[in-house]
Amino acid sequence: MKMNANQLLELLERQHIPCTVRRHQPIYTVAEGLSLGLPEIEAAAKSLFITDDKRQSFYLAVLPLDKRLDLKQLRALLHSRRLTMAAAQDVQAMLDVTPGAVTPLALLGSSQPVAVVFDAALQGRTVAIPLDGNTQTVWLPCDALEKLLAQCGYAVQYAAL
């Protein structure tokens, strides 16, 4: 069952994970997020929900805002079939979020079979990701996020994306 913003914040507190939350107008694109003038925007990461061409395997790729994901490179890394962005209905059905609000935190409380890949540049850094939907952003240590995901059965793989 998807966790709401309050439940996520309670979980972060119980786990003693330092974080900062900022509320803002809805963000649907990277450009909109950048235009808000949020502090420490260099920590912001984008999350892309990807599937293979048969919709049998799903992946969550998390990378810095300024990077473009090379799907062919990711395909080779994952030994996967051809990859494409997941359809809006898959995002909704598997993560219970809308496109534009994809976040690794959507996996907490879920049991969907999703492989998680973080760009190696995020390792050891603070990341800023959507909290719940697209009107709140949370800044937290990437290693703490990795541990939270692992507790829910999602092993994070780091790679140069």
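**The core and its surroundings**

Modeller: Leaving aside neighbours within four places in sequence, Leu149 touches Pro104, Leu107, Leu108, Val116, Phe118, Tyr154 and Val156. Another core lies apart, made up of 12 residues, including Leu78, Leu83, Val117 and Ala159. Please keep in mind that this is a predicted model.

Leu149 belongs to the largest nonpolar core, which has 39 residues, and Leu149 is listed there with Phe49 and Phe118 as the residues with the most contacts inside it. Helix H5, residues 142-151, gives the largest share of this core, namely 5 residues.

In one of them, Phe49 and Phe58 are stacked, with 5.5 Å from centre to centre and 15° between the planes, and both Phe49 and Phe58 are buried. The other joins Phe118 to Tyr158, and because the planes of these rings stand at 90°, with their centres 5.8 Å apart, the pair is edge-to-face. Phe118 is in strand S5 (residues 114-119) whereas Tyr158 is in strand S8 (residues 156-159), so this pair ties together parts that are 40 residues apart in sequence. Phe118 has a relative accessible area of 1% and is therefore buried, and Tyr158, at 19%, counts as buried because the cut-off is under 20%.

The side chains of Lys67 and Asp119 meet in a salt bridge of 2.9 Å, N to O. Asp119 is buried, at 1% relative accessibility, whereas Lys67 is partly exposed, with a relative accessible area of 25%.

Asp90 forms a salt bridge with Arg55, whose closest N and O atoms are 2.5 Å apart. Asp90 sits in helix H4 (residues 88-95) and Arg55 in the loop between S2 and S3, so that distant parts of the chain, 35 residues apart, are linked. Here Asp90 is buried, with a relative accessible area of 6%, while Arg55 counts as partly exposed at 48% relative accessibility.

Conventions:
Residues numbered from 1 in each chain as written. Predicted model: local features only at pLDDT ≥ 70, side-chain atom pairs only at ≥ 80, totals over all residues. Heavy atoms only, no water. Phe/Tyr/Trp six-rings, centres within 6.5 Å; stacked < 30°, edge-to-face > 60°. Buried < 20%, exposed > 50% of the residue type's maximum accessible area, 1.4 Å probe, protein only. Helix = DSSP H or I, 4+ residues; strand = E, 2+ residues; numbered from the N terminus. Core = buried A, V, L, I, M, F, W, Y, C linked by side-chain atoms within 4.5 Å. Contact = heavy atoms within 4.5 Å. Salt bridge = Lys/Arg side-chain N within 4 Å of Asp/Glu carboxyl O.
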